[in-house]
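Good morning, and thank you for coming. I would like to take you through one model, and I ask that you keep the structure in view while I speak.

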Amino acid sequence: MKKKGKRNKKNNSKTKILILILVLLIIGAGSVLGYKIIKDKENQETAVAEESNVEPIEEKTVQIFQGEDRPFAIMIDNHSDAWPQAGIQKAYMVYEIVVEGGETRLMALFKGADSEKIGPVRSARHYFLDYAMENDAIYTHFGESPQAASDIKKYSINEIDGIAEDGTTFWRVKDKVSPHNAVTSIAKLLTSANNKKFRMTSSKESVLNYVTDEVNLEEGQGAISVTIPHSQLQTVKYVYNEQNKVYERYARGKEQKDWDTKEMLTTKNIIITFCDNYTLSDKENKGRQGLKNIGTFDGYYITNGKAMKIKCIKNTREEQTIYQDLEGNEIKVNDGNTFVHICPINTNVGLEAPVEPANPTV
């Protein structure tokens, strides 16, 4: 009987030890599990905090054409007596087209830009209205041809005419001679347009399909120099500045510089359209021109030292011009200012490619 009691005591001791070990194991496992749960929660909170601190990646937006400001389309005198001109570098697009006597005139478009002096401003020509309308622009000029006056009324175009203004919107400078010395500013034009109760915003999309990723025209032909003879009188030349990736502008063998800043005029993009111009038969007999620009025409898009052939399609005077590659796709245009040259159909444009280095003699 004594042996049995001793054995029971011994078994009880073992049982207690086993229970104690089991309890300790349970407590240990619980601690490990609890630690893991807490740690996972901390890690999750840390990840959420870190994720919330990550700045979102900003999408690139086009800089040259943005906002809802309605553009101004300003006629710029391009006679040699008008040089140098002011404010053109701030325009997002500039159209150059032949007028009477082999001269050309420019129409510079400004959207959301601020320029204290623009000009010299010159008179309207009716075919420039087509490009003012397709940009939904307020047309600004100093005088007008009879054809322009008729079409401005016909198409109900919002216009600011320096001759009809009160003397504050435009002013004449003393360092040029009349009629090449009338200038204006964006601030003056805004005041005039508001006084006339013109619509000041525009939801119209850009004529050009601007993109933020660089367009390099890998398959295009070399164009480090571009020569555009509009007429026997007016030849424009662009020379590519590889460092700044823009074209510097020359006309009639002279550098084109800003009137005030004295800096070279440059452009990121050049578009050329070939279409027929002709001399009008009217009572004034001044050799004024007309333009056959409705239809599909050949052209070039030039940027970053390369040129590609394109098609330029304008279906009506009011509709936007569509610029397509030869496969029918709308071209992508670099984010930057653009000079658009509307040239006679037989214009012999010169494109100069980079000179290839000579092969070394073996």
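Before that, two remarks on the basis of what I say. This is a predicted model, in which local features need pLDDT of at least 70 and side-chain atom pairs count only at pLDDT 80 or more, while totals for chains, interfaces and linings use all residues. Residues are numbered from 1 along each chain as its sequence is written, and side-chain values use heavy atoms, with hydrogens and water left out.

Let us begin with strand β15, which covers residues 269–274. Strands here are DSSP runs of E with at least two residues, and helices are runs of H or I with at least four, numbered from the N terminus. How many residues of β15 are buried? Six of its six residues are, where buried means under 20% relative accessible area, exposed means over 50%, and partly exposed lies in between, with a 1.4 Å probe and protein chains only. In a regular strand, side chains alternate between the two faces of the sheet. In β15 both faces are covered: Asn269, Ile271 and Thr273 lie on one side, with Ile270, Ile272 and Phe274 on the other.

Which strands pair with β15? Two strands are said to pair if DSSP finds at least two bridges between them. Strand β18, residues 295–303, runs antiparallel to β15 and is joined to it by five bridges; there, Asn269 stands opposite Thr303. Strand β22, residues 338–343, runs parallel to β15 and is joined to it by six bridges, with Thr273 opposite Ile342.

I turn now to the salt bridges. The count comes to 15, taking a salt bridge as a side-chain nitrogen of Lys or Arg within 4 Å of a carboxyl oxygen of Asp or Glu.

One of them joins Asp77 to Arg122, with the closest N and O atoms 3.3 Å apart. Asp77 lies in the loop between β1 and β2, and Arg122 in the loop between β3 and α2, so the pair ties together parts that are 45 residues apart in sequence. Asp77 is buried, with a relative accessible area of 2%.

A second example is Arg252 with Glu103, whose closest N and O atoms are 2.6 Å apart. This pair links distant parts of the chain, 149 residues apart: Arg252 is in the loop between β12 and β13, and Glu103 in the loop between β2 and β3. Arg252 is partly exposed at 23% relative accessible area, whereas Glu103 is buried at 14%.

Lys257 and Glu255 form another salt bridge, at 3.2 Å between the closest N and O atoms. Both partners are partly exposed, Lys257 at 33% and Glu255 at 43%.

Next, the aromatic rings. A charge sits over a ring if NZ of Lys or CZ of Arg is within 6 Å of the ring centre and within 35 degrees of the ring normal. Lys176 lies over the face of Trp259, 4.2 Å from the ring centre. The charged end of Lys292 sits over the ring of Tyr278, 5.8 Å from its centre.

Finally, is Gly112 buried or exposed? Gly112, in the loop between β3 and α2, is exposed at 58% relative accessibility. Gly112 and Ala91 are 21 residues apart in sequence, and their C-alpha atoms are 9.7 Å apart in space.
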